[in-house]
Amino acid sequence: AEREVLEQERFFSKNFYAMDTETNGLRYHEPLQIAIVLYVDGEEVDRYSEYFKAEHGSTERALEIHGLTKKKLAELKAKRFKLKQSLVLLKFLMKRESLPIVAINVEHDRDKVLKPALTKAGTGSVILEDNRWRCAQ
């Protein structure tokens, strides 16, 4: 059993999704950007990166971190995170549904940003089972 665990750890060290989000701040946690990279055998094989408009403005601190002003988001042709966008995101994460999703701050990215955004968009967040997530730190 220990050998199987080690082999699985080696596999997942080269095969995973890496994800990060930018939001309008810790008050609303609305996604402004969701970026996910799929790695297979240690190589980037696919990428999802989209910008979104939030219902609420960004806090000063959030703007200091990401610089995604309303004007910049308009230039990037950001859309509201709605059903269509959530389905595209979920389809991307299901390409390799057995692979872990790695994030620096799992509790924030998964629980405060993605799950509420998916639920609000109408798709729910069942697909984001807690056991797929790994903290990068």
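Predicted model: local features only at pLDDT ≥ 70, side-chain atom pairs only at ≥ 80, totals over all residues.
**Entry 1: the second largest pocket**

I began with the lining of the second largest pocket, which by class has seven nonpolar, one polar and seven charged residues. Here Ala, Val, Leu, Ile, Met, Phe, Trp, Tyr, Cys and Pro count as nonpolar, Asp, Glu, Lys and Arg as charged, and the others, Gly among them, as polar. Residues are numbered from 1 along each chain as its sequence is written, and side-chain values use heavy atoms, with hydrogens and water left out.

The space in this second largest pocket comes to about 240 Å³.

On a 1 Å grid over the protein atoms alone, a pocket is an open set of points where a 1.4 Å probe fits, with protein on both sides within 12 Å along at least five of seven lines, and lining residues have an atom within 4 Å of a point. Grid points are joined across faces, edges and corners, and a volume is the space filled by probe spheres set on the points. Helices (H or I, at least four residues) and strands (E, at least two) are DSSP runs, numbered from the N terminus.

**Entry 2: the largest pocket**

Next I turned to the largest pocket, with about 320 Å³ of space. S1, helix H2 (60–66) and H5 each give two or more residues to its lining. There are 15 lining residues, and Glu 22, Thr 23, Leu 26, Ile 65 and His 108 lie nearest the centre. I sorted this lining into four nonpolar, seven polar and four charged residues.

I also checked His 66, whose place is in helix H2. His 66 is buried, with a relative accessible area of 17%; buried means under 20% relative accessible area, exposed over 50%, and partly exposed in between (1.4 Å probe, protein chains only). Not counting residues up to four places away in sequence, His 66 touches Glu 22, Thr 23, Leu 32 and Ser 58, where contact means heavy atoms within 4.5 Å. From His 66 to Ala 54 I found twelve residues in sequence and 14 Å in space, C-alpha to C-alpha.

**Entry 3: the cores**

How many residues does the largest nonpolar core have? It has 24, and those with the most contacts inside it are Tyr 17, Ile 34, Ile 36, Phe 81, Leu 89 and Trp 133. At least two residues of this core come from each of strand S1 (16–23), strand S2 (31–40), strand S3 (43–53), helix H4 (83–94), strand S5 (101–103) and helix H5 (106–121). H5 gives the most to this core, with five residues. A second, separate core of five residues includes Leu 32, Ala 54, Leu 68 and Ala 78. A core here is a set of buried Ala, Val, Leu, Ile, Met, Phe, Trp, Tyr and Cys residues joined through side-chain atoms within 4.5 Å.

I then looked at Ser 86, which lies in helix H4. Is Ser 86 buried or exposed? Ser 86 is buried, at a relative accessible area of 0%. Leaving out residues up to four places away in sequence, Ser 86 touches Phe 81, Leu 118, Ala 121 and Thr 123.

**Entry 4: ring pairs**

Rings of Phe, Tyr and Trp (its six-membered ring) pair if their centres lie within 6.5 Å; planes under 30 degrees apart count as stacked, over 60 as edge-to-face and the rest as tilted. By this rule I have four aromatic pairs. Tyr 48 and Phe 92 form a tilted one, 6.0 Å centre to centre with 35 degrees between the planes. This pair links distant parts of the chain, with Tyr 48 in strand S3 and Phe 92 in helix H4, 44 residues apart. Both Tyr 48 and Phe 92 are buried.

Phe 52 and Phe 81 form an edge-to-face pair, 5.0 Å centre to centre with 85 degrees between the planes. Phe 52 lies in strand S3 and Phe 81 in the loop between strand S4 (79–80) and H4, so the pair ties together parts 29 residues apart in sequence.
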